[in-house]
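Welcome, and thanks for taking a look.

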Amino acid sequence: MGPVELLHMSVFSQSFSPCGRFLAAGNNYGEIAVFSLSAALSPDSTALNQKPVLTFTAHEGPVFSLLSTDCHLLSAGNGEISAWSWSELTKKNVKPLWTRRPNYKSSLEIPEINSMTINSRDNSLVVGGGDNNIHVMDLENGVFKTVLQGHSDYVHCVTVREREAEILSGGEDGAVRVWGEFTGNMGLCVFQVCARPQYGKWISCVTTDSDWMLCGGGPSLSLWHLRSLSPTSIFNLSGCQRQAAFHQDLILTVGEGAFVSHCLLGGEVKAQIPCTPQSLNTLQLNNNSTEHRVLTVGGSSDHIDVFTNLSYRAFSLRF
Amino acid sequence: MYSLYLLYLNGCYFARIPDEVIRKRLLIDGDGAGDDRRINLLLKSFTKWCNSPGTPEEGFTQYQRMLGILAQCEFSMGKTLMVYDMNLREMENYEKIYSNIEQNIASAHEKIAECKKEIQRAKRIRKNRQEYDALAKVIQQHPDRHETLKQLEALDKELQQLSHIKENVDAKLELRKKQFHVLLSTIQELQQTLENDEKSDNDDNSQESPAENGE
């Protein structure tokens, strides 16, 4: 990997292993790198521990989405989904367990997969991509059982509301749709309330806490109460937000701008912590392990910043 | 050093002096200056005094001198014993402080764990409060329930009044309709009767005239 490629690298997705000791990151060259967190966080770690323990090419196109289940790592590449076993990856064995492709209408143009999430109620994988549809695959037998149609432009992000087993999806057409068994297909109109026409109407991040939902992108990041479907707070952040997460009593969000924003639920921006990459694409919190509770962010750089304490950047992992 | 070597030799024949003792003694007083030298001098002067042929006064002074040296040796021994005692007590003291500090560390650990739990609770409470505030803001934007109920009641009353009026008007309309109907039907009957009368008059007239012409 020459210096020019490193300069042009963007990290699009991250996922922690189920044991919490490894981090997998996917970049725009289709590679996935596995970093050992326990080595990088130990008191006597060196610069070598901040390099990946394993790097391999997973897909032809960029890896936009990574997801970890109990023992597998799912990666989404150029219209296909591959599964890798975490135990095999730690032993540096890079053979995928399976590779599947949702049923696309046209076989000429392969749409990219932007986002995946797991619906634990019925053990299915929800995939949203460039063909404006959401495909639902049963994880046990790998069959794509449902296609949810409704978006008029490609789907940026999907998330699942645990308690009610509903799927929320945000897309380029500016709509956030709620797909549920009993509610059917319901659309939320985000556009009018928090619109920023200079950035467009695309929604690039949707995340939910069962009662509350954060969505943002072109329009400002806003917090919605799902029961009453009303926006409660609008966050005054300058750039477009690409990923957001609820953490204890804070909202952490990343997007354009070389910082992680900490916001309170009331709408005020509490802090903006500077990071290495110039703009950030992905943010992940390690909840799988108690001794490696870190926040990692990645973006348009080959560095992945690691925060052991949310208030400052501890060190960076490098591809 | 020579004395220690002699001592060691003696030790080989009389009692096994442990190596530790030898090591300690070498450490403390290895060069032979100080107490060790004093004891050696005393021994030498004692043997000299025993074998000296000098006058009794000289012997007496020598004897006094030796007693003085002996007293000095005893004094330094006493001092060393006291220092040893002091060291023992210092060590006890340090042990106590050590265990005290260990206890403090353990209790500080516990307090830290407690405080961490507290902070988690406080964060949850804060999050709930913020959610409540956010919802309250939205709710405040909607009008008060009492107001709306009152408005609804007023509208209800108005509606009732209006329907009452409508009923009255309807009833009046019905009555008038019926009256007009009665009037019109009476007029028609009268018209019929008049026509009938006219017709029967005409008939009578036409019957009479042929009868007149026929005569």
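This is a predicted model: local features need pLDDT of at least 70, side-chain atom pairs count only at pLDDT 80 or more; totals for chains, interfaces and linings use all residues.

**Chain A as a whole**

- Chain A has a radius of gyration of 19 Å, which agrees with the value near 20 Å that a compact globule of 319 residues would have.
- Along the principal axes, the C-alpha atoms of chain A fill a box of roughly 50 × 45 × 35 Å.
- Of the 319 residues in chain A, 57% are buried.
- Among the contacts in chain A with a separation of 6 or more, 44% are between residues 24 or more positions apart.

**Surface and charge of chain A**

- The accessible surface of chain A is about 13100 Å², and carbon and sulfur atoms account for 49% of that area.

**Two loop residues with positive phi**

- Which loop holds Asn123(A)? Asn123(A) sits between strand S9 (113-119) and strand S10 (124-129) of chain A.
- The phi of Asn123(A) is positive, near 50 degrees, in a residue other than glycine.
- Asn123(A) has a relative accessibility of 30%, so it counts as partly exposed, the class between 20% and 50%.
- Ala165(A) is in the loop that joins strand S13 (155-161) to strand S14 (166-171) of chain A.
- Ala165(A) is not a glycine, yet its phi is positive at about 55 degrees.
- Is Ala165(A) buried or exposed? Its relative accessibility is 10%, so Ala165(A) counts as buried, being under 20%.

**Aromatic pairs**

- How many aromatic pairs does a search of the whole structure find? Over all chains, the search finds six.
- In one of them, the rings of Phe35(A) and Phe319(A) have centres 6.0 Å apart and planes at 85 degrees, so this pair is edge-to-face, the class for angles over 60 degrees.
- Phe35(A) belongs to strand S3 (residues 31-36) of chain A, while Phe319(A) lies in the segment after strand S28 (315-318), so the pair ties together parts that are 284 residues apart in sequence.
- Both Phe35(A) and Phe319(A) are buried.
- Turning to chain B, Phe60(B) and Tyr63(B) form a tilted aromatic pair, with 6.3 Å from centre to centre and 35 degrees between the planes.
- Phe60(B) and Tyr63(B) are separated by about one helical turn, because they are three residues apart in helix H4 (residues 56-141) of chain B.
- Tyr63(B) has a relative accessible area of 36%, so this residue is partly exposed.
- Ring pairs also link Phe46(B), Trp49(B), Phe60(B) and Tyr63(B) into a cluster.

**Leu70(B) in helix H4**

- Leu70(B) is another residue found in helix H4 of chain B.
- With a relative accessible area of 39%, Leu70(B) is partly exposed.
- What separates the C-alpha atoms of Leu70(B) and Leu42(B)? The separation is 7.5 Å, for two residues that are 28 residues apart along the chain.

Notes. Residues are numbered from 1 along each chain as its sequence is written. Chains are lettered from A and ligands numbered from 1 in the order in which they are written. Side-chain values use heavy atoms; hydrogens and water are left out. The radius of gyration is taken over C-alpha atoms; the globule rule is 2.2 Å times the number of residues to the power 0.38. Buried means under 20% relative accessible area, exposed over 50%, partly exposed in between (1.4 Å probe, protein chains only). Contact means heavy atoms within 4.5 Å. Accessible areas come from the Shrake-Rupley method with a 1.4 Å probe; for residues, only the protein chains shown count as cover. Helices (H or I, at least four residues) and strands (E, at least two) are DSSP runs, numbered from the N terminus. Rings of Phe, Tyr and Trp (its six-membered ring) pair if their centres lie within 6.5 Å; planes under 30 degrees apart count as stacked, over 60 as edge-to-face and the rest as tilted.
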